[in-house]
Amino acid sequence: MARVTDVEFAIGRTGKIAVMLRLDPVRMDDKWIRRVNVGSLALWQKWDIVPGDHIAISLMGHGIPHLKQVVWREVARATPIAPKPENYHALSCFTLQPGCRQQFLARLVWLSSANGLNINGLNKAGWQVLVDQGLVNNLLDWLELTPEQLSAVPSLGAKRAQALYRQFRQARRQPFERWPIALGVPISPLQSATLQNWSQLQQMTLAQWQELAGMGEQKARKVQEFLQYPAFLALVQTLQQHHISGFDAVPDGVEPLGDAFAN
């Protein structure tokens with residue numbers, strides 16, 4: 001049995017909210033257990049667990065703690081304030097706004113991962129430093145960072161700052177097919193490999209999206225919604241301004257993205 005000391009909420013890249021329980025350390029087998037994953041927000045609400053409650057846990061495969069039941073409930077119940085699910089989804093938090101830090105950081109981590117632009121040596125802690133220094137407030141602010149700006153970050157140091165700058169420059173040269181995935185468009189590498197440039201994505205119909213392997217109608221609609229979302233289009237405009245491969249060419253007869261936003 002373990003006593004719950006805190007309830008933590010983690011907001012992922014796509015807006016899903018996960019709940020973790022912090023515990024007074026309890027020894028099970030040969031390890032100390034200090035937290036246990038509850039799962040979704042809805043599941044936590046169903047369990048109705050608050051700090052002070054005592055829970056029974058067990059160890060599943062690979063020694064992962066698993067919540068079994070609530071053994072005893074705190075009489076004076078103080079329910080933690082949970083994030084509102086309606087505020088977080090696949091199209092929220094492309095920029096750093098109030099309440100967006102967790103999802104925004106998760107987007108940055110995905111962008112720099114092997115699934116995205118493969119920016120070596122930049123993990124969540126590294127992004128947190130850049131965000132805290134006010135250098136990254138949207139997903140593409142790093143495109144404009146200079147070696148001098150990076151060197152001025154106290155925890156980086158000149159050598160690491162130069163290495164990071166080189167990684168950013170290398171990321172700029174990634175092929176077009178990596179960019180939509182890095183920015184969160186819900187398509188697979190196999191699907192993205194068939195795409196050549198932004199103009200093609202703009203002009204694809206729902207039926208054409210469904211022709212891609214593994215793309216059903218529901219997913220095709222989500223992709224189209226994502227590609228038409230204003231916050232995402234603002235990122236595309238930034239990529240065009242930086243002449244990123246596949247984004248800077250506008251075919252004849254297609255209105256430039258910047259003009260499309262003119263009032």
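Is Trp198 buried or exposed? What we've got on screen is a predicted model, so everything I mention is computed from that.

Okay, Trp198. It's buried, because its relative accessible area is 2% and the cut-off for buried is under 20%. So who's sitting with it in there? One partner is Phe247, and the two ring centres are 6.5 Å apart. The planes of Trp198 and Phe247 meet at 25 degrees, so we call this pair stacked, since the limit for stacking is under 30 degrees. Phe247 is buried as well, at 2% relative accessibility.

Now find those two along the chain. Trp198 is in helix α8, residues 198-203, while Phe247 sits in the loop between α11 and α12.

The structure has ten aromatic pairs. Trp198 and Phe247 belong to one aromatic cluster, together with Phe94, Phe176, Phe226, Tyr229 and Phe232.

Last stop, the start of the chain. In an unreviewed entry, UniProt lists residues 2-75 as "domain: NAD-dependent DNA ligase OB-fold". What do residues 2-75 look like in helix and strand? In the model, that stretch is 62% strand and 9% helix, and its end C-alpha atoms are 16 Å apart. Okay, that's me done!

How values were computed
Residues numbered from 1 in each chain as written. Predicted model: local features only at pLDDT ≥ 70, side-chain atom pairs only at ≥ 80, totals over all residues. Heavy atoms only, no water. UniProt positions renumbered as here; feature names shortened; annotations may be inferred. Helix = DSSP H or I, 4+ residues; strand = E, 2+ residues; numbered from the N terminus. Phe/Tyr/Trp six-rings, centres within 6.5 Å; stacked < 30°, edge-to-face > 60°. Buried < 20%, exposed > 50% of the residue type's maximum accessible area, 1.4 Å probe, protein only.
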